[in-house]
Amino acid sequence: MNILVCLKQILDPEVPVRDFAIDGSGLQADPNCANQMTNIFCENALETALQLKDAHGGKITVLSFGPDSVKDSLRKGLAMKANEAFMVLNNTGHQPDSAATAKVLAKAIGKMEPFDLVLTGREAGDWGAGQTGGLLAEELGLPYSAFVDEIEPEGEDRLILRQQTDSGWNKISAPKPVVASITNSDHNLPRIPKTRDIILANRKPLTSWSLEEVGISEDELAAEQQKARIKLLSIPEGKSDCEFIEGDSLEDKIDNLAERIVAIARSV
Amino acid sequence: MGTKTFNSNDIYHFEELISQEDRMIMDAAREYAQTQLEPRALEGNQDEQFDIGIAREMGDLGLLGVFIPEEYGGAGSSYTAYGVINRELDRVDSAYRSFVSVQSSLVMHPIHVFGTEEQRQKYLPRLATGEIIGCYGLTEPDHGSDPGSMITSAKKIDGGWKLNGSKTWITNSPIADLCVVWAKAYDGGDEDGVIRGFLIERGTEGLSTPKVKNKMSMRASPTGEIVMQDCFIPNENALPDIRGLKGPFSCLNNARFGIVWGVVGVAENCYQRARDYVLGRTQFGYPLASMQLIQTKLANMVTDITQMQLLAWRLGDLKDKDRATPEMVSLAKRNNAGAALNIARVARDMLGGNGITGDFRVIHHMMNMETVNTYEGTYDIHGLVLGRAITEIQSFVPRGNDQ
């Protein structure tokens with residue numbers, strides 16, 4: 001099976017609140033306020049693909065659209081045992097939204113050999129839009145399923161996608177090729193790459209295409225970005241207060257606490 | 001135009017100096033240390049418990065003997081890669097870094113450099129996976145900084161050697177499957193009394209490895225003795241090509257290099273925990289971080305840490321180019337271990353009463369640093385190594401008082 005996994009590089013979402021900053025434009029996070037890392041749900045997607053490959057064979061390609069630094073995410077993908085890595089270089093200095101990203105990824109996928117399965121993360125830890133997978137399926141004209149946490153082959157031509165729901169899961173049979181966005185579960189925790197595989201990954205080729213090479217101009221990308229624009233970002237000011245609830249007995253304290261909670265809820 | 005940014009955790013952007021490959025190894029080691037070791041560290045310390053599964057986990061990720069060539073189970077990495085692994089393990093608990101130091105530098109390194117091909121094939125792959133655990137015996141109860149006066153002996157007999165003596169302060173000895181022991185060899189020839197290396201397997205008759213009890217530092221690291229009573233070691237278990245102290249010192253030099261990097265992680269962790277604490281704790285109506293006494297303490301910490309980071313990086317660079325001398329390693333081990341101990345003590349102080357509990361972790365590091373500043377050459381002994389190199393006069397042996 002030929003699997004493509006899309007990887008997005010984002011600022012570390014675990015950055016302490018006091019270190020998080022917005023850059024001078026007021027339109028995006030300051031790229032220097034935290035380390036760049038691969039979005040965790042994208043790594044869940046890669047882990048899902050790796051387990052599928054380990055059990056049933058096949059080949060995994062990783063693809064990313066972003067600045068030169070996305071090479072780090074792709075190299076980590078190779079170190080986790082993906083077979084090939086491709087990127088489309090974004091040197092515009094702007095972060096594309098989900099629709100623009102899906103368009104670029106679809107163009108890149110069009111240049112590559114056909115895939116049986118295309119995976120993205122459920123959402124990214126920066127904006128949390130959760131749109132890229134669905135929009136990519138639309139661009140590619142393929143069926144799509146979201147919130148998938150497990151994939152199994154069904155005969156030669158179909159796959160069973162296990163989709164998480166609020167109360168359990170759905171098992172969906174889909175024809176190949178199919179696009180799925182992957183969510184996290186107990187069994188797709190991303191593996192830590194081994195030192196030897198890291199060294200081997202750094203010897204593997206990594207193909208980098210320009211926007212022009214995949215057939216999209218910077219103007220087209222900019223036009224795509226115009227559809228939904230961010231006007232201004234700001235960090236909400238956090239306020240915290242501490243109040244001690246008094247009472248003569250435990251029961252009194254519980255009653256007073258309950259009354260206080262109700263009063264606060266009403267005032268909000 | 002360059003980008004001018006101030007990162008309070010890496011003020012001189014020293015991580016940018018590390019190659020991409022080594023940074024990836026650093027990231028993998030960090031992920032492992034933070035997700036797998038950190039949750040076990042406090043309990044491991046309190047209960048003096050080294051989870052034996054850690055050896056296999058580390059072996060599986062290729063963290064043991066990472067610089068050993070692939071054909072013997074290593075990853076064939078740079079020494080800087082070994083350094084960055086040590087930094088990440090030490091950030092959690094020096095006990096875990098000590099385990100890796102001993103396995104990699106004191107056991108795998110001498111077998112690789114001084115061993116026969118058969119010894120390499122027999123032991124290195126299993127040491128790399130953590131299937132077997134090694135330890136290293138040089139220090140004796142009465143001979144620490146002065147190993148040349150060791151009394152452990154190896155007497156030549158038919159088919160091998162008979163070893164007698166005892167080694168102490170041996171990291172991993174209670175759990176070791178293989179002991180690299182240095183002893184004075186007596187074969188009745190010209191080399192009588194010359195120091196040689198021997199590989200002693202667990203199960204050898206006359207070998208015992210009792211644990212050192214009541215340690216107040218490095219509690220998750222099992223430390224013990226190696227007691228040898230007429231232990232028979234076959235000829236094939238003697239390291240063939242090394243004589244004298246340069247054998248054990250070559251191993252120590254590698255391990256000290258790991259310490260130079262490891263304690264950077266300790267100092268960084270203590271500083272970051274102290275910074276978090278003083279930014280969050282308010283006294284007299286203001287955050288502790290707003291007090292001048294606190295700010296200069298933080299300033300001193302990051303000044304020392306920046307020096308430690310750059311020393312570690314440059315030493316790694318020189319070692320990877322095969323240009324590092326033992327004196328360079330002594331300078332950096334002395335500086336970095338001493339500075340890390342001081343930073344840990346100051347951080348402990350800044351955390352006030354909370355700094356006394358293990359939950360805040362700095363006292364754990366502080367106690368560990370007492371060991372690290374002492375073992376693998378004490379702070380003062382490394383000063384004498386440097387003094388000898390600077391003046392070309394050795395001052396290890398006191399003179400002028402003998403009548």
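Colleague: Is Thr171(B) buried or exposed?
Modeller: Thr171(B) counts as buried, because its relative accessibility is 12%, and the cut-off for buried is under 20%. Keep in mind that this is a predicted model.

Colleague: Okay, and where does Thr171(B) sit?
Modeller: You'll find Thr171(B) in strand S3 of chain B.

Colleague: Which residues does Thr171(B) touch there?
Modeller: Leaving out residues up to four places away in sequence, Thr171(B) touches Ser98(B), Val102(B), Cys135(B), Ser221(B), Pro222(B) and Thr223(B).

Colleague: Which elements of chain B give two or more residues to its lining?
Modeller: Strand S3 (160-171) is one of them, along with strand S1 (134-137). The helices are H4 (94-114), H6 (246-280), H8 (326-350) and H10 (379-391), again of chain B.

Colleague: How many residues line that second largest pocket, and which lie nearest its centre?
Modeller: The lining has 46 residues. Nearest the centre are Thr139(B), Gly144(B), Tyr375(B), Glu376(B) and Gly377(B).

Colleague: How do the lining residues of that pocket divide by type?
Modeller: There are 21 polar, 18 nonpolar and seven charged residues in the lining of the second largest pocket.

Colleague: What about cavities, how many of 30 Å³ or more turn up?
Modeller: One, searching the whole structure. The largest cavity has a volume of about 40 Å³.

Colleague: Which residues line the largest cavity?
Modeller: Ser8(B), Asn9(B), Asp10(B) and Ile11(B) are there, plus Tyr271(B), Val302(B), Ile305(B), Thr306(B) and Gln309(B). Helix H7 (residues 292-320) of chain B gives the largest share, four residues. By type, that lining splits into four nonpolar, four polar and one charged.

Colleague: Last topic: how is chain A divided into domains?
Modeller: Into domain 1 (2-225) and domain 2 (238-268).

Colleague: And how many Å apart are their C-alpha centres?
Modeller: In chain A, the C-alpha centres of domain 1 and domain 2 lie 46 Å apart.

Methods
Residues are numbered from 1 along each chain as its sequence is written. Chains are lettered from A and ligands numbered from 1 in the order in which they are written. This is a predicted model: local features need pLDDT of at least 70, side-chain atom pairs count only at pLDDT 80 or more; totals for chains, interfaces and linings use all residues. Side-chain values use heavy atoms; hydrogens and water are left out. On a 1 Å grid over the protein atoms alone, a cavity is a set of points where a 1.4 Å probe fits but cannot get out, and a pocket is an open set with protein on both sides within 12 Å along at least five of seven lines; lining residues have an atom within 4 Å of a point. Ala, Val, Leu, Ile, Met, Phe, Trp, Tyr, Cys and Pro count as nonpolar, Asp, Glu, Lys and Arg as charged, and the others, Gly among them, as polar. Domain bounds come from an automatic or database domain assignment. Grid points are joined across faces, edges and corners, and a volume is the space filled by probe spheres set on the points. Buried means under 20% relative accessible area, exposed over 50%, partly exposed in between (1.4 Å probe, protein chains only). Contact means heavy atoms within 4.5 Å.
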